[in-house]
Amino acid sequence: MIEVKNLTKIYGHNTEAALEMLKKGASNQEIKDKTKQVVGVRNASFTVENGETFVIMGLSGSGKSTLLRCINRLIKASAGQIIIDGVDVLSMSPKELEELRKRKMSMVFQRFALLPHRNILDNVAYGLEVQGVKKEARQAKAREVIQMVGLSGWEESYPENLSGGMQQRVGIARALATDPDILLMDEPFSALDPLIRQDMQEELINIQEKLQKTIIFITHDLDEALKIGDHIALMKDGEIVQIGSPEDILLSPASDYVARFVENVNRSLALTAASVMIRPRYVVHPKDGPRTALNFMEKHGLSTLFVLDRFGKLRGYISAEDASELASRGIKDLADIIQDDMPTANPETPLADLLDVMAYTKVPIAVIDEEGRLQGTLVRGSVIAGLAGGRGESING
Amino acid sequence: MDRIPRIPLAEWTDTFIVYLQNNFGSSTQAFADGLEGFIKGLQGILIEAPAELIIIVLVLLAWRLAGKKVAVFTMLGLFFIYNLGLWAVTMETIAMVISAVLLCMLIGIPLGILGAKSQTAHRIIMPILDFMQTLPAFVYLLPAIPFFGLGVVPGVITTIIFAMPPVIRLTDLGLKQVPEELIELGKSFGSTFWQMLVKIELPLARSTMLAGINQCIMLSLSMVVIASMIGAKGLGGIVWRAIQTLNMGAGFEAGVAIVIIAIILDRITQNLGSSKKGKESI
């Protein structure tokens, strides 16, 4: 677990005065005018749980790269704490710091940072070489991770002969070779073509599913952040303006700044069925009988109705025609007309996967949990509203 | 202006040199003896070895590092020098150049590293280098005599003073040009100071450093010739005698030999930086 508490970085020689002003709430500009010191990061606090991907997002100059570099102390923070497994990185001795960087965390760079004079195998083995691992052992491990990132056969090649995407695979392999708990990724895919970037994002998600590393990932691309982040911190002018899950950021932006940021994003990637579904307020039970069902439908203008059993489990749905026919025949039990060919989704299904279904189905999509209980329903209106930036619930409410 | 008494810079210099001589004379003598043994030994080997063998080695070296044309030129040039009867003196000169360049690297590369790593060291070293490079060579040929006597040792030492600056400067420059991201890479994996230097910085500074060594070789060659004035012999000795006796023919022959050696050394060492990488990447 990584806990960052009130982390502040001020660039310049006389940081004392600037820190004092910052504590009193002076703006970055005021501090710069008065003390000539530049604020890089302001009072950043966040917690990254083991095995999660934490994305720090912001435009260039927002302090995100500085913040990342404070975590492995490539840049020494001016104030605050970075606690990794109970130890404050800022109070570590140079030896302890070296040890931390060797064993516990490794970094992936925006421009790959491969050593041009080494072949791929030796580039990947660099971290192990620094640890003092014997040649055979480190090369065997390097081959293993090279295979994991899909670069088998390229071991003897030199970086200049690889495409950008391949070079970054080497960068990721190198970072994984030392088996660190923590990966620090500084805009790793920003320098790649859009299509390659998407492949790499998928690849990272796959690798992460297998390895469960704790990842801190920097990006300026909100789509990327929403796609791979478990939590996202949005930065502006050195300050974290919002921390939350991708949905929190999209659905309840904390400020106008965040709202403007999320305006142009492809929401279908980030929104899940759960975030746009409508609570299942109008349902019937088999014993309710066709009259009650028809009443319901008429009152609320519905053409179909979901049927639940006593435990809230979804049995299926009935249509208005079938119900009225049943009523005219005087049968009380709905069981005969229940159909169960409705499309279903679970709450975590991304909206992107449901758009197709949505386009063809006549019945609302039923969102059910693992036990088969109905959690909500998806109708076109709420999905479109979700995509457009409104909230699913507001349609009904 | 005339009221101000003349600053006795010359007297101070004399006093200083006498002081150095009295206090450090014995240790400089020990160093000089060691150096002389090395140079004489190297000269002995080069002169005694069959000329054919040395020609073959140099031609192969030229071929591998600089290509066919340079190899052909090396063969013809060395044969021409042999034919003129200048082989032994040429080997004397080459031995002095090799000794001087080795010492320049031995001292210059660590100083260059120091300059790149410490801003203070950089500020101290650079003006001294300017001073070494611009002070006329003849001026420090003289003080070398009281310390090291006449002969090959003061010649090589003045050569070192003259030829070392590019090694220091370009080592310093090469190390400073290593991309910031690669420095961060080294640090982020917990590399120690020496690991950074040996595994990342020096390999990346290599081609710049080799350019410095190439310059060092050329400067050494030119200075070794001038150092014949204080008895360093070699090709320069022949030129110097030719000047004194107005023997233009002999002077021209030795001059041409120097040019041939200069071209061979330059072409071979110029390509040191680029050749290796080209081969590996194929």
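Start by colouring chain A by domain: domain 1 covers 2-104 + 180-265 and domain 2 covers 274-396, with bounds from an automatic or database domain assignment. Their C-alpha centres lie 43 Å apart. Before you go on, note that this is a predicted model, where local features need pLDDT of at least 70 and side-chain atom pairs count only at pLDDT 80 or more, while totals for chains, interfaces and linings use all residues. Residues are numbered from 1 along each chain as its sequence is written, chains are lettered from A and ligands numbered from 1 in the order in which they are written, and side-chain values use heavy atoms, leaving out hydrogens and water.

Next, select strand β8, residues 214-219 of chain A (strands are DSSP E runs of at least two residues, helices H or I runs of at least four, numbered from the N terminus). Are its faces covered or open? Both are covered: A:T214, A:I216 and A:I218 on one side, A:I215, A:F217 and A:T219 on the other, are all buried (under 20% relative accessible area; exposed is over 50%, partly exposed in between; 1.4 Å probe, protein chains only).

Now click A:I216, the bridge partner of A:F54 and also of A:L184.

Hop to A:D333 and A:K287, which form a salt bridge with closest N and O atoms 3.7 Å apart (a Lys or Arg side-chain nitrogen within 4 Å of an Asp or Glu carboxyl oxygen). The pair ties together parts that are 46 residues apart in sequence. A:K287 is exposed at 72% relative accessibility, and A:D333 is partly exposed at 29%.

Note on methods. Pairing = 2+ DSSP bridges.
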